[in-house]
Each structure stands twice: as structure tokens, then as C-alpha cells.
Amino acid sequence: MDSDFILLRNYISRFIKLTDADWQMLEPHLKKRSIKKHSYFEQEGKKARDIGYIVDGDMRHFYTSNGEEKTTYFYFENSMVASYLSCITGQPSQITIEALTEVKMIVFPYAVMQTLYNQSQTWERFGRLLAEYLCMGLEERMVGLLTLSPEERYIQLLESNKRKITERIPQHYIANYLGITPVSLSRIRNRVLKHKR
């Protein structure tokens with residue numbers, strides 16, 4: 001089996017126990033895709049049809065409000081990515097997913113997942129567990145935005161399992177993700193560093 005496909009199979013196996021027969025229901029629909037830096041996997045205003053699995057690279061998820069980009073999430077290798085709301089509803093995507101580096105992916109149509117949900121209890125269970133996983137991440141992000149100050153959000157970022165964001169994402173995108181200006185982020189970083197000394 002292709003080594004990239006093995007990575008995806010291992011990722012899915014974190015949620016469910018996959019037999020070879022289960023895997024063979026999905027494998028024929030998998031395609032490899034490369035996305036150039038600053039190109040888009042999904043674009044606001046266009047209907048999303050695919051689910052992606054990142055083999056290598058960094059991506060960001062943002063929406064646009066009054067011409068201003070609002071970064072809501074970052075994705076790294078060994079993550080699934082999609083404009084799920086657009087896939088589920090068939091409506092144009094409200095978000096854009098951009099490659100921040102050269103990205104290697106495996107993609108497959110969301111429609112295939114829907115078919116598998118109907119054909120297999122194993123795949124239906126995967127869909128439920130993935131939805132729960134995404135819901136937890138969304139709620140955690142929403143609570144942080146509504147209840148924490150920008151400095152508290154930055155400290156939480158440093159102390160969480162999201163360290164890749166501070167290690168690999170440019171500062172202006174991190175500031176945008178925290179809902180502050182790059183200058184404010186610089187001040188917060190300096191304060192946090194002084195406090196740690």
C-alpha cells in the first residue's frame with residue numbers, strides 16, 4: 001500500500017478499528033493532491049465537495065468580514081480538513097482554506113463518506129466520532145474567544161497541544177487568530193517572556 005495512504009489509514013484507526021474490507025471501501029476513491037503555497041484548498045463562495053487529509057504542510061482556515069480576513073484555525077500534517085458546512089449543506093463555502101506552505105494531501109469526495117455511512121456501521125461510527133472531535137475543537141475555540149483576554153489566549157496557546165502554531169506559523173497570522181494586531185502580539189509576547197524570567 002502507498003505510504004501516504006497508510007498514514008491516512010492510521011489516522012482513521014485512531015477513531016475506529018478498520019478491517020481490510022472497511023479500508024477497501026474507501027481506498028479506490030483516494031487521490032493525491034499538491035497545493036502550492038498561498039493557493040487554496042477551498043474558497044469562500046464556492047461549493048466544497050472534498051475532504052482532505054494533510055500528509056505534509058501547514059494550512060489556515062479563515063473567513064472574510066468587511067474585506068478583512070479572520071483566521072479561525074490552523075491545520076498541520078496528520079489532520080483532516082474540509083469546509084464541512086458546505087460539504088454537508090451543499091451551500092457555497094463561507095470559509096477559505098489556504099496553504100501556508102507547499103502542502104501534500106490525500107483527498108476524497110464527501111459524497112463517498114455519505115455513501116459509506118449508509119453502507120457500513122464502522123464508517124458511520126467514524127463519522128460520528130469525527131463530528132464529536134470537531135465539535136470539541138470548535139467549542140474550545142469559541143469559549144476561548146468569548147471568555148479569555150488576548151493575553152490569556154496567547155498563554156493558553158503556549159501551554160496547549162497547539163505549540164505547532166507558535167513554532168511554525170508567521171506572527172501576523174497568529175495575531176489574526178488571536179483577534180489582535182501584530183504590534184499587540186509583540187507586546188504580549190514580551191510581557192509573557194519577562195514574566196517567565
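In what order do the 4 strands of the open sheet lie, and is their pairing parallel or antiparallel? In this predicted model, the order is β1-β8-β3-β6, and the pairing is antiparallel. Strands β1 (31–35) and β6 (79–81) form the edges, each pairing on one side only. From one strand to the next, the twist averages 35°.

Strands of a sheet pair through backbone hydrogen bonds, in either a parallel or an antiparallel manner.

Helix α4 lies across β3 and β8 (103–109), and runs at about 50° to β8.

Packing between helices was examined next. Two packed helices are described by the angle between their axes and by the distance between those axes. Helix α4 (residues 110–119) packs with helix α5 (residues 121–147) at an angle of about 125°, the axes being 6 Å apart. The crossing of α4 and α5 is left-handed. On the α4 side, the contact is made by M113, L116, Y117 and Q119, while α5 contributes Q121, W123, E124, F126 and G127. Classified by residue type, the contact of α4 with α5 comprises 5 nonpolar, 3 polar and 1 charged residues.

Note on methods
Residues are numbered from 1 along each chain as its sequence is written. This is a predicted model: local features need pLDDT of at least 70, side-chain atom pairs count only at pLDDT 80 or more; totals for chains, interfaces and linings use all residues. Side-chain values use heavy atoms; hydrogens and water are left out. Axes are lines fitted to C-alpha atoms, for helices over the stretch in contact, and angles run from 0 to 180 degrees between N-to-C directions. Helices (H or I, at least four residues) and strands (E, at least two) are DSSP runs, numbered from the N terminus. A crossing is left-handed if the near helix is turned anticlockwise from the far one by less than a right angle, and right-handed if clockwise. Contact means heavy atoms within 4.5 Å. Ala, Val, Leu, Ile, Met, Phe, Trp, Tyr, Cys and Pro count as nonpolar, Asp, Glu, Lys and Arg as charged, and the others, Gly among them, as polar. Two strands pair if DSSP finds at least two bridges between them.
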